[in-house]
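Biologist: Could you walk me through a few spots in this model while I have it open? I'd like to go place by place.

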Amino acid sequence: MAAEPRVGQAVSALRGVRTVDGASVDVSIGPDGRVGSVVPATGDPAGKGELELPGWVVLPSAVEPHAHLEKALTWSAMGAPYGDLFTAIESWSRYAVDMTEADVADRARRALGRYLAAGFTAVRSHVNVVVAAADPLCGVRALVGLREELRDVLDLQVCLLADHQMPVELIERALDLGVDLLGGSAHRAPDPAAEVNRLVDIAQRRDLEMDLHTDEQTNPEALTILELARQWRSRGLRRRVAASHCVSLGCLARPALDAVLAEVSAVGMSVVTLPITNLYLQGRSSDRPKPRGLTAVRELLAAGITVAAGGDNLRDPFNPVGRPDPFETTSLLITAAHLDAGEALTAVTDAGRAVLGLPAAGPVAGRLADLLVVQAEDLSDVVAGPVGSRLVLRRGRVVAYTSVRRETALGVG
């Protein structure tokens with residue numbers, strides 16, 4: 001690389017990079033922040049505004065379709081025990097009553113710095129309203145404020161995570177603060193179907209998209225995803241709708257699974273799988289054999305349903321070892337969900353953009369120049385797990401650069 005990238009630098013071309021199929025190319029980027037052309041590498045030295053990255057692999061930038069920024073980086077301060085979903089909820093509920101807007105904004109900003117460095121240029125974060133707190137809406141205000149503050153750096157969407165104990169009036173107050181879409185956790189309500197109906201009522205009245213925490217448990221009879229799909233179809237709703245987690249689908253036998261997938265497919269619903277957190281939280285109290293805390297990823301893809309993947313929680317009681325790295329997620333998708341490298345990469349890039357409703361990005365002429373360039377041998381090397389040096393572009397501008405030098409007794413590499 002002739003010159004080190006600088007954060008804030010506008011890049012007009014990437015020279016000598018490799019595509020996922022191994023071709024060596026030059027990628028030009030226009031002043032509009034879109035890819036102009038992708039042509040065979042000429043070997044010409046980099047000119048002004050251009051970067052030489054010989055052999056680095058160029059990808060679409062990553063998308064985190066499901067984060068919890070107001071919970072991020074609380075594990076050490078909280079002193080929570082390791083445990084299942086209910087243990088995590090209890091620990092979080094105790095901590096959250098004393099939370100402040102400044103605290104949330106500080107931790108969320110630091111967390112987003114980690115996401116950006118890893119290659120994410122788009123994040124959807126769910127956010128709780130803590131009814132018992134002195135300031136129940138502090139998390140919502142903090143994230144909506146960050147969304148505006150960081151608009152030129154990354155795309156941040158804020159999804160309200162409405163609890164079944166939240167009165168409609170409080171939900172409405174939260175939405176009035178400028179939340180992008182509505183979510184919830186209906187499967188935890190005493191009457192899950194009624195809670196789905198309540199939330200869809202609100203979304204329909206306010207013409208909002210939805211992203212619902214759905215069936216985050218290994219009970220195959222917990223199928224609020226089915227109720228959500230039926231509500232969406234019966235009302236004729238056309239806005240995007242997503243279901244996150246959907247762990248129970250991974251425990252559901254056929255032909256019952258096929259019937260659910262048909263309903264989900266019919267309304268164009270997307271599914272977000274969150275392997276690291278669900279593998280950590282689910283199945284702890286089950287008799288042998290332990291169930292896999294993962295949705296039916298392969299079957300969903302076979303049914304033509306968009307499946308995006310994310311990391312969910314970052315160093316909090318729901319995932320004390322969470323790391324905002326798309327390649328940790330791809331590694332788990334290959335290991336636990338039995339995807340191939342291309343499918344795993346799609347789940348953290350193109351599929352995530354589809355779930356968030358963002359324009360296509362990547363090293364293709366006409367697409368947004370939201371790019372992640374990594375120092376790796378090939379695609380399998382990329383998706384296997386965390387890699388070293390990374391360059392992140394958003395709309396053709398450098399928003400993060402990480403340079404790693406590794407030296408051992410066996411040499412440099």
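Modeller: Let's begin with aspartate 370, which lies in the loop between α13 (350–356) and β14 (371–374); please keep in mind throughout that this is a predicted model.

Biologist: Is aspartate 370 buried or exposed?

Modeller: Aspartate 370 has a relative accessible area of 0%, and because buried means under 20%, aspartate 370 counts as buried.

Biologist: Which side chains does its side chain make polar contacts with?

Modeller: The side chain of aspartate 370 makes a polar contact of 2.6 Å with the side chain of arginine 395, and another polar contact, of 3.5 Å, joins it to the side chain of threonine 121.

Biologist: And what is aspartate 370 in contact with, leaving aside neighbours within four places in sequence?

Modeller: With those neighbours left out, the contacts of aspartate 370 include Leu59, Pro60 and Ser61, then Asp155 and Arg353, and also Leu393 and Arg394.

Biologist: Switching to helices, at what angle do the axes of α5 and α6 cross?

Modeller: The axes of α5 (residues 168–176) and α6 (residues 192–206) cross at roughly 40 degrees and come within 12 Å. Angles under 35 degrees would count as roughly parallel and 65 to 115 as roughly perpendicular, so the two helices are oblique to each other. The crossing of α5 past α6 is right-handed.

Biologist: Which residues make that contact?

Modeller: On the α5 side they are Val168, Ile171, Glu172, Leu175 and Asp176, while α6 contributes Arg198, Leu199, Ile202, Arg205 and Arg206. By class, the residues of this contact comprise five nonpolar and five charged, with no polar ones.

Biologist: What do the buried residues of α7 pack against?

Modeller: They pack against α6, α8 (256–266) and the strands β10 (210–214), β11 (241–245) and β12 (270–273). Among the buried residues of α7 (residues 224–234) are Ile225, Leu228 and Trp232. Just after α7, glycine 236 takes a positive phi of about 65 degrees.

Biologist: Since β11 came up, where does serine 244 lie, and is serine 244 buried or exposed?

Modeller: Serine 244 lies in strand β11 and is buried, with a relative accessible area of 0%. A polar contact of 3.1 Å joins its side chain to that of histidine 66. Leaving aside neighbours within four places in sequence, serine 244 is in contact with residues including Asp211, Leu212, His213 and Thr214, as well as Val272 and Leu274.

Biologist: How far apart are serine 244 and glycine 293 in space?

Modeller: They are 13 Å apart, C-alpha to C-alpha, and 49 residues apart in sequence.

Note on methods: Residues numbered from 1 in each chain as written. Predicted model: local features only at pLDDT ≥ 70, side-chain atom pairs only at ≥ 80, totals over all residues. Heavy atoms only, no water. Helix = DSSP H or I, 4+ residues; strand = E, 2+ residues; numbered from the N terminus. Buried < 20%, exposed > 50% of the residue type's maximum accessible area, 1.4 Å probe, protein only. Polar contact = N/O pair within 3.5 Å; in protein donor to acceptor, adjacent residues only side chain to side chain. Contact = heavy atoms within 4.5 Å. Axes fitted to C-alpha atoms, helices over the stretch in contact; angles between N-to-C directions. Parallel < 35°, antiparallel > 145°, perpendicular 65-115°, else oblique. Left-handed = near helix turned anticlockwise from the far one by under 90°. Nonpolar A, V, L, I, M, F, W, Y, C, P; charged D, E, K, R; others polar.
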